[in-house]
Amino acid sequence: MTKNIAVIKGDGIGPEIVTEAMKVLDAVAKKYGHTFNYEQLLMGGASIDANGEPLTQETIDRCKASDAVLMGSIGGDTTTSPWYKLPPHLRPEAGLLGIRKALGLFANLRPCVLYPQLSGACPLKKEISDKGFDMLIMRELTGGLYFGEKKTEEVDGELVAVDTLIYSEHEIRRIAVKAFEVAMKRRKKVTSVDKANVMESSRLWRKVVEEVAKDYPEVTLEHMLVDNSAMQLVKDPAQFDVMVTENMFGDILSDEASMITGSIGMLASASMNETKFGLYEPSGGSAPDIAGQNKANPIATILSAAMMLRYSFDMQEEADAVENAVSKVLEAGIRTGDIMSEGMTCVTCSEMGDRIAALI
Ligand code: NAD
């Protein structure tokens with residue numbers, strides 16, 4: 001198969017970690033007889049320096065013309081970088097929001113996996129972390145409380161602030177479909193998180209999710225209230241496969257879930273639209289403190305590339321090969337500085353990429 005991949009290396013550690021993900025993709029292409037064509041594009045700080053703005057129409061158009069986007073991270077040191085003296089709409093992060101909007105990316109997928117080899121980094125009790133976990137949180141990204149009408153006004157002599165939580169059937173349906181499609185490629189369980197005991201938007205959410213579930217008889221659906229979900233994540237995370245929820249609940253729960261894995265350099269993510277198109281990037285930022293030192297952990301970006309193979313290109317075997325190579329490298333005691341522990345071998349960013357690529 002031939003696939004055209006738009007590559008946004010970005011700022012800080014971005015170029016280092018994306019280079020390693022491309023190395024692994026090249027190893028996949030060689031082994032499985034695919035051709036991956038890369039087109040490098042600018043966004044964030046790099047685009048501000050070259051074009052005076054964080055996101056150009058050219059970058060948007062080239063991304064739209066590609067099969068998927070692989071991205072590093074954008075932004076710099078927010079206290080010292082001159083990018084942060086610019087007005088907010090010209091700062092690096094504006095590019096990130098702009099590209100998600102321009103590409104219609106409404107579903108954010110964050111896998112949270114506790115590798116047995118890294119269970120020591122998990123802040124939960126040993127009897128819980130020993131079981132390991134492998135879940136994927138799917139958060140609705142473009143609707144709900146963050147985008148509904150907002151106002152602050154004076155009522156009877158005091159200020160009153162209002163945020164509106166609004167969801168339409170089609171917004172719920174399209175993310176529910178995505179959740180069931182993803183569950184079909186995993187352990188076939190969907191937990192839909194809402195607050196249907198008190199919120200009208202959650203009652204509609206639950207109704208639409210149940211309608212969508214009828215098209216996926218192989219997938220087990222359960223509903224869980226958001227407060228209980230927050231507790232279950234720390235009590236028994238192994239019970240979850242795909243968790244799907246609205247924007248604000250997802251914002252909070254996905255951070256809670258990533259925290260219990262214990263290591264930011266391991267967390268992949270994807271943002272998708274209705275089609276198979278997606279933008280794949282690590283969950284962490286541009287880590288200006290270690291940029292340019294060949295110290296960053298490239299695994300989150302490599303695992304994001306594996307998600308691209310699985311969800312955008314339908315290359316299940318190839319995605320498994322990347323994920324298995326990551327597991328084997330960890331098994332062999334190879335670590336970057338951020339996940340280093342006693343008795344293990346500390347390697348650089350590029351050595352980690354070499355080791356994983358060699359195991360494809
Ligand atoms: P950060 O995630 O960049 O760094 C937090 C800590 O985690 C740092 O100590 C860093 O060294 C470490 N870290 C992060 N990724 C790592 C990796 N792959 N390997 C090893 N260590 C890693 O968060 P921050 O410091 O709050 O933000 C720095 C910049 O990144 C800011 O400009 C911020 O706006 C931007 N940012 C970008 C994105 C994105 O591109 N999607 C996301 C978050 C933050």
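Trainee: Which residues does Ser263 touch, not counting residues up to four places away in sequence?

Mentor: Ser263 touches Leu118 and Ile339 once those sequence neighbours are set aside. Keep in mind that this is a predicted model.

Trainee: Where is Ser263 found?

Mentor: Look in the loop between α9 (247-259) and β11 (268-272).

Trainee: And is Ser263 buried or exposed?

Mentor: Ser263 counts as buried, because its relative accessibility is 8% and the cut-off for buried is under 20%.

Trainee: What is Met272 in contact with, leaving aside neighbours within four places in sequence?

Mentor: Quite a list! Among them are Gly104, Leu105, Phe106, Ala107 and Leu109. Met272 is also in contact with Lys178, Phe277, Gly278, Tyr280, Tyr311 and Ser312.

Trainee: How many residues apart along the chain are Met272 and Ile175?

Mentor: They are 97 residues apart along the chain, and their C-alpha atoms are separated by 9.6 Å.

Trainee: Changing topic: how many residues does the largest nonpolar core have?

Mentor: The largest nonpolar core has 71 residues. Those with the most contacts inside that core are Phe36, Leu70, Leu109, Met138, Tyr280, Leu309 and Ile356. A second, separate core has 18 residues, including Ile137, Val226, Leu233 and Ile260.

Trainee: Pick Leu309 for me. What does Leu309 touch, not counting residues up to four places away in sequence?

Mentor: Leu309 touches Leu25, Val28, Phe36, Asp314, Met315, Glu318, Ala319 and Val322.

Trainee: Now the ligand. Which residues around the ligand come nearest?

Mentor: There are 22 residues around the ligand, and Gly76, Glu93, Gly285, Ala287 and Asn297 come nearest. By class, that shell has nine nonpolar, nine polar and four charged residues.

Trainee: How far is the polar side-chain atom of Glu93 from an oxygen atom of the ligand?

Mentor: That Glu93 side-chain atom lies 2.4 Å from a ligand oxygen. Backbone atoms take part as well: a polar one of Ile74 is 2.9 Å from an oxygen atom of the ligand, and a polar one of Ser286 is 3.0 Å from a ligand oxygen.

Trainee: What share of the ligand's area does the protein bury?

Mentor: The protein buries 68% of the 820 Å² that the ligand exposes when taken alone.

Methods: Residues numbered from 1 in each chain as written. Predicted model: local features only at pLDDT ≥ 70, side-chain atom pairs only at ≥ 80, totals over all residues. Heavy atoms only, no water. Helix = DSSP H or I, 4+ residues; strand = E, 2+ residues; numbered from the N terminus. Buried < 20%, exposed > 50% of the residue type's maximum accessible area, 1.4 Å probe, protein only. Contact = heavy atoms within 4.5 Å. Core = buried A, V, L, I, M, F, W, Y, C linked by side-chain atoms within 4.5 Å. Near = heavy atom within 4 Å. Polar contact = N/O pair within 3.5 Å; in protein donor to acceptor, adjacent residues only side chain to side chain. Areas by Shrake-Rupley, 256 points an atom, 1.4 Å probe, with all protein chains shown as cover. Nonpolar A, V, L, I, M, F, W, Y, C, P; charged D, E, K, R; others polar.
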